[in-house]
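Let us walk through this assembly chain by chain, then look at how the chains meet. Keep the structure open while reading.

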Amino acid sequence: MDLDLKKLTKDLVKIVGKENAFTDKPTALTYAKDTMPWDVEEHNMPYAVVRPSNSQEIAHVLRYANEKKIPVHTHGSGTSLVGLGRPKTHCIVLDTGRMKELEVFPERGYFEVGAGYHIAKLRKALEPYNALLPAFPGSELVATIGGVVSVNTSAHAVDASLFKPGDYVLGMEVVLPTGEILQTGTESPRKPAGIEATKFLVGSEGLLCVICKIRMRLIPLPQIQNIVAYYNSTDDILDTVMNMYSQGIPTPMFFEYLDEKSSKVGFEAVGLEPPPGAVAMMAMHSQTKAGCEEKAKIFLEFLQSGHPIEAKIVTDKKEWNQIWSSRAEAGNYLYRLGSTFGSEITVRADKLKEAFHEAQDIILNLDSYKGNEFYSFGHIGAPTIHAYAFIPTKDIPNETKIAVAKEVREKTEALNIKYGGCGGEWGLTAQRATFLKRKYGEAYYDLLVKLKNALDPNNILNRGNLEGWM
Amino acid sequence: MKRSKKLVSQALAILKDNLDREGDPLGFRKPYWTEWADGLNLPTEGEQVLLTARMYQMLPYITQITDLVATAKPLLAIKGLDKVMSQGNRMAGETLIRLKARGLKELKQKGARILKGIVGALHKVGVQPAYLYEAEPYSGVLLYDLGLEDGIVPHIQGVYELLKSRGVERVITVDPHTTNMMREIYPKYIENYPIKVKHYLEVLSERAESLEKLEAGQTPESFVIHDPCVMTRDLGIVEQARRIGSALGIKIVEPENTKLDTACCGGPVEYAFAHLTHQISGIRIGELARLNPNILVTCPICLINLRRYEKERDLRVWDMGEILPEKKASP
Amino acid sequence: MDVNTRQDKIETLLKEVAKCRSCRFCVDVCPTYQASEGLESMSAYGRLQIIKYLLMGVLSFDDPLTYTLYSCLQCRRCENICKSKGQNIDICSIIQLGRSLLSRELLEGSGHEKI
């Protein structure tokens, strides 16, 4: 496309102001580079970056974009693990970073927050109100509430306990791709039943609207009791999770595991003795202290059926912080010391063990690379396994990185299909567009394309994500 | 963002030129850095010296120059800087830029009080370093921070040779930037660098029991403390200021973002991007002012950047040196 | 990092920046990011990427690039969090090394647009 960059700059400055429109290459680059490890290419570079402060400015940008037929790519934090964040074609990047207002209305039972608010900061800001923020991404220092709600992910939590963040969304202020501003949902603590827009705009991955403001209910922070359990092998943990579902045991808020190798590196990294095998950590939650103590007692008894070497409630805060942080440290170890290619395997509860072993087999027998290692950890109670191919060096060619990432992804996604699951943390477009087609079929995909066309006839918003472009 | 390249390159050129010619970043030949010590009769020779590296003494002159530049229109600012600095350069051999505003004279006195406080406290705990007076060098830190490593190697070597020739084995520094320069950077360019470097906070903290509680009414009872970035994250000097405060009998309040997590005052980029510096210092002053109108700092850069809010926000920024017992001039 | 020649510096820079895994923990803590209301190029992560793509020849040594690299305060807040939660990279030292490559050119007043 022949674009007059000077004119574009002038036009965008008119909409958002001189301080909030950027067409220089260094800025463009930092918005093009997302979490994916491969290099930014020419076609990923945006023409411009705009930083609006409200829905009116966004509406104006979108109307302009539709008129000029220039795509617009939304930017929260660029930390999507399926590549949603990277622009797939030359575009205007719309950064939500300046939309950071927060208003808490305890008397109404909700708070309203701008899409650009970072999760960790939001959690802290809600503390004085004793309110729960039901989203726990590992990237929370920089991930935005807009991103979390547009993908509708709780990240690390067990869905059966905490459901999805979308379930807590009472309404939103959004801008449709053609520039109309829409107020959805309700101001009452009771959500509307029926065909209401919040339901299909939450989780729409930036394809159907730009989220500006989110209204979420205020839920009191639960009380927590923590349990750690040591096992001889990951298999015992898998059996435990499968039994937890089949026996209808009340589920924890968090249920994490580290396999034999990951637990060793994680524990050593936090200064603890390496455990004998695999490790599981749970956060038993309830609205009352008595409730979570009772729940922990019941769960501890239940755990015995999985034959742990030891399972105990941990009340000492320092001890728990150490154990809990071994999870993040295991991940850090992998990322620091080499190249890591991950997956998200979330399958039918009774197929968990089979899926795990098949994943292990796949990762240890890749076509695109020989000699990598297998590590796994994750939110096993959700149930989600993050199975990793680990190559202990960063010095591998760009093409190999892409090839390994693609192979790991494709084959583990096939497991999701084979065993009735779909993943539960990351979006379904961008690098998962192929999976989306395979999982739900061409008819559903065509329906999505039609829906996209209906709301976005010029394919302005996040063009390339539904298509699965790189 | 506009003309950033020209701004930075001019600043670099002027600073380097000044350093090469006069060994001073401001290009002054007349030893403005010794006036604070008039009448103190500090020994001029010794294996342990106090190294101010001229940092506190530079403050009023830097303020005057940056204020001059800031008042000029953006377009003129570049040309203005040229003019002012080359004027300074020409005058360097003759006389100092006269400090015009009263506020700047006060800043000069404040710097002197700070240094006299540091010396006074050191004497109180039984440490009597020498002071090189006119021979005292500048460490080169500003140019190093701007990336001119190779360019200042001659200066670094010169400073080391000077200290060596004076028999200096130990150095007590008064600001974190110089400390970092002398302790961490110099050894990279000088083989078997033998000089032991300690910041005065470290020296005082080790001997804190010899410090006396301040008399009531001498200073405010409590301060909110602002840790300099370099002090905590580069040098790991964190608890010393608290220990000294405790020995002096003052209460120290910790702000949001403190100790190893301290938030920057914005100072390091003021030479070129004053607007950004103001935005950053504005954020920090808010975090501090929320807790206490008396702010305690231990760095001349932090001092100069945070004290700009004193009037508008009814605050007072104190350097640690100001609350230490002052070394008075001999009668 | 004991680097002498220009080529040494470039190699070191590319190697160090390659360690970054884009976790972005260093973004929010940067005072310039906070002051600019969250502009990605005014962050530790942004600056690392800018250095990389400058060395790869994608970016030029122009005014916007100078501004991003020389506006770093060298305050090490990013390193603090990178060492505890991220990749343990000496981010400020890398930016400083990048500057040292450029400062010479700025001083000489030459306009080598691409490194």
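**Inside chain B**

Chain B holds 14 helices and eight strands. The model is predicted, and what follows should be read as such. Of the 331 residues in chain B, 48% count as buried.

The chain splits into two domains. Domain 1 of chain B covers 4-204, and domain 2 of chain B covers 213-321. How many residues bring these domains into contact? Domain 1 of chain B puts in 23 residues, and domain 2 of chain B puts in 21. On the domain 1 side, the elements giving two or more residues are α1 (4-22), α2 (55-71), α4 (102-124), α7 (176-189) and α8 (200-206) of chain B. Of these, α2(B) has the largest share, with six residues. By residue class, this side of domain 1 of chain B divides into 13 nonpolar, seven polar and three charged.

Now turn to a sheet in chain B. Four strands build an open sheet, in the order β6-β5-β7-β8 (chain B), and the pairing is parallel. Which strands stand at the edges? They are β6 (251-253) and β8 (316-319) of chain B. Each has a single partner strand, so one side of each is left without a neighbour in the sheet. From one strand to the next, the twist averages 40°.

Strand β7 (residues 294-297) of chain B runs parallel to β8(B), and four bridges join the two. Within this pair, Leu296(B) stands opposite Trp318(B) of β8(B).

**Inside chain A**

Chain A is also divided into domains. Domain 1 of chain A spans 1-221, and domain 2 of chain A spans 223-418. Their C-alpha centres lie 30 Å apart. The contact between them takes eleven residues from domain 1 of chain A and 13 residues from domain 2 of chain A. What is the make-up of the domain 1 side of chain A? It divides into seven nonpolar, two polar and two charged residues.

Strand β7 (residues 169-175) of chain A is mostly covered, with seven of its seven residues buried. β7(A) has a pairing with strand β9 (residues 210-217) of chain A, where the two run antiparallel and six bridges join them. β7(A) also pairs with strand β8 (residues 181-183) of chain A, again in the antiparallel sense, over three bridges.

Val174(A) can be followed into both pairings. In β9(A), its bridge partner is Ile211(A). In β8(A), Val174(A) stands opposite Leu182(A). The hairpin of β7(A) and β8(A) has five residues between the strands. There, Gly179(A) takes a positive phi near 105°.

**Where the chains meet**

Which chains share the most contacts? There are two pairs of chains in contact, and chains B and C share the most. Chain A and chain B do not touch. Their nearest C-alpha atoms are 10 Å apart.

Start with chains B and C. Chain C gives 25 residues to this contact, and chain B gives 33 residues. On the chain C side, α3 (31-35), α5 (63-70) and α7 (91-108) of chain C each supply at least two residues. Here α7(C) gives the most, with seven residues. The side of chain C that touches chain B divides into ten nonpolar, ten polar and five charged residues.

Then take chains A and C. In this pair, 21 residues of chain A are in contact with 23 residues of chain C. On the chain A side, α2 (25-32) and α11 (317-337) of chain A each supply at least two residues. The most comes from α2(A), with six residues. The side of chain A that touches chain C divides into six nonpolar, nine polar and six charged residues.

Chain C touches chain B, and chain C touches chain A. Chains A and B do not touch.

Definitions and conventions:
Residues are numbered from 1 along each chain as its sequence is written. Chains are lettered from A and ligands numbered from 1 in the order in which they are written. This is a predicted model: local features need pLDDT of at least 70, side-chain atom pairs count only at pLDDT 80 or more; totals for chains, interfaces and linings use all residues. Two residues are in contact if their C-beta atoms, placed from the backbone, lie within 7 Å. Ala, Val, Leu, Ile, Met, Phe, Trp, Tyr, Cys and Pro count as nonpolar, Asp, Glu, Lys and Arg as charged, and the others, Gly among them, as polar. Domain bounds come from an automatic or database domain assignment. A residue is buried if 20 or more other C-beta atoms lie within 10 Å of its own, exposed if 12 or fewer, and partly exposed in between; C-beta atoms are placed from the backbone. Two strands pair if DSSP finds at least two bridges between them. Axes are lines fitted to C-alpha atoms, for helices over the stretch in contact, and angles run from 0 to 180 degrees between N-to-C directions.
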